[in-house]
Amino acid sequence: MTGLYERDARTLSSMSFLRFFPQAVTGGEGSYLFDEGGRRLLDLSASWGAASLGHSHPAVRLAVDRALSNQAGASHLSGANLPAVELAERLLSIVPERAAGRVWLGHSGSDANETVARAVIAATGRPRIIAFKGAYHGGTVGSMAISGHPAQEGVPKAGGLTLVPYPNAYRDGGPEQASARALAHLDELFAGPVPPEEVAAFFLEPIQSDGGMIVPPLDFFRSVETLCHRYGILVVSDEVKVGLGRSGRLHAFEHLGIEPDIIVFGKGLGGGLPISAAVGPAAIMNHRAAFSFQTVHGNPVCASAALAVLDTIERQDLATHAARVGHHLTTLLEELKSSHPLVGDIRGRGLAVGVELVGDAKAPARRETAKVVYRAFELGLVLYYVGINSNVLEMTPSLLLSAEEAATAIEILDRALADVEAGRVADNVVAGFAGW
Ligand SMILES: *Cc1c(COP(=O)(O)O)cnc(C)c1O
């Protein structure tokens, strides 16, 4: 009999593959996935944070069942439906006042960022956008056009895009220096090649996740916000991966001490179902009717799932839980550090944690990183890597991860690191897994 992974390879287009090991699952519950052979895999990725409440969460199941048992259409393009309206009301109630205008609903972080990028230019008449080198804002033409991640090298960028360095304390000589350098770069741009009055919006990730889980220095974004306010530039916080409780606060931008004008949600919003949202001032988000839509946007099933997710995050105070378990996870990782030369830096907020693996003189340990996630999978742990050098382990588990599960995960990671460091994992095992 052919295994599921082989059937997948024979039938599904590899264009959407981002594979690190031969994972093929048939079910899941909570923080665990189950594979064909009945193996239980502890999932520290939660499908890149999309399964924010873990797998098969009862609140999401119930909400989806209900929505489908009396289906209020499949779209909100040409008529209102209750779940979409309730979701919009809910989102408006949780964002800062300056952003609480209108809600645009989409399927993915990509379509939401793309829509915001188009809307800010069209509505303000300003042709430019600033975003960060290493930023990942999506995989559609318009969202790739404002991204700076090297995995998208060769993809055309928006004509008005300027990419600026994201301050990286680990690589740029500490937080103050990293921050000062990045701000000086902005000042130079604004004094010359990029007139600030031509800039419509500044897109930021409150933690640069796919770029390497880089936590910005304290106060950096306060200075960016001050500049943006001075020149009337809209601040867009891309909360797709680290928002909605994951960072230990409801919004990741709360750690930055700023109040964005536009906030983009995705991934975890749907708890595993495809839904995204962009929330911002009516002057932008109501730019023009029929400006940006896809047929089943605002579909009541996904909106119901999102409502259940937001309800659960609030009722169970999962932001606080994420802060607590994240602290536990990070403490355990710090304890590992002394016995593993590969571990260079541990950083993150709440349950958005990155572990940068390095060799001598902080050289990115790209091959070792691929082997570590492969070996961890063999030992029963699912986690992937990110980073512009493909050398940062990323942990974005279920917001309901328990302290015990965190401890189990770190035990497995400990063994995986040791096996790779001791040369017990052959180069060829990762040959078929390109990752990114
Ligand atoms: C994943 C991600 C996106 C894109 O979301 P998709 O659901 O893949 O379209 C956008 N921004 C950030 C910060 C992300 O992590």
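These notes cover the ligand site and the aromatic contacts of a predicted model.

1. Ligand shell. The ligand is surrounded by 13 residues, with S108, S110, Y136, D238 and K267 the closest. By class, the shell holds two nonpolar, six polar and five charged residues. Helix α4 (residues 109–124) supplies the largest share, three residues.

2. A polar side-chain atom of K267 is 2.6 Å from a ligand oxygen. Y136 uses a backbone N or O atom, 3.1 Å from a ligand nitrogen. In S108, a side-chain N or O atom lies 3.5 Å from an oxygen of the ligand. On its own the ligand has 380 Å² of accessible area, and the protein covers 85% of that.

3. The whole structure has 18 aromatic pairs. One of them, F21 with Y384, is stacked, at 5.8 Å between centres and 25 degrees between planes. F21 sits in the loop between α1 and β1, Y384 in strand β14, 363 residues apart. F21 is buried at 2% relative accessibility. Y384 is buried too, at 11%.

4. Tilted pair. Y374 and F433 have ring centres 6.0 Å apart and planes at 50 degrees, so they count as tilted. Y374 belongs to helix α11 and F433 to the segment after α12, so the pair ties together parts 59 residues apart in sequence. Y374 is buried at 12% relative accessible area, and F433 is buried at 15%.

5. Cluster. Ring pairs join F20, F21, W48, Y136, F377, Y384, Y385 and W436. Y136 is also among the closest residues to the ligand.

6. Charges over rings. The charged end of R19 sits over F17, 3.8 Å from the ring centre. K362 lies over the face of Y170, 4.1 Å from the ring centre.

Technical notes. Residues numbered from 1 in each chain as written. Predicted model: local features only at pLDDT ≥ 70, side-chain atom pairs only at ≥ 80, totals over all residues. Heavy atoms only, no water. Near = heavy atom within 4 Å. Polar contact = N/O pair within 3.5 Å; in protein donor to acceptor, adjacent residues only side chain to side chain. Areas by Shrake-Rupley, 256 points an atom, 1.4 Å probe, with all protein chains shown as cover. Helix = DSSP H or I, 4+ residues; strand = E, 2+ residues; numbered from the N terminus. Nonpolar A, V, L, I, M, F, W, Y, C, P; charged D, E, K, R; others polar. Phe/Tyr/Trp six-rings, centres within 6.5 Å; stacked < 30°, edge-to-face > 60°. Buried < 20%, exposed > 50% of the residue type's maximum accessible area, 1.4 Å probe, protein only. Lys NZ or Arg CZ within 6 Å of the ring centre and 35° of its normal.
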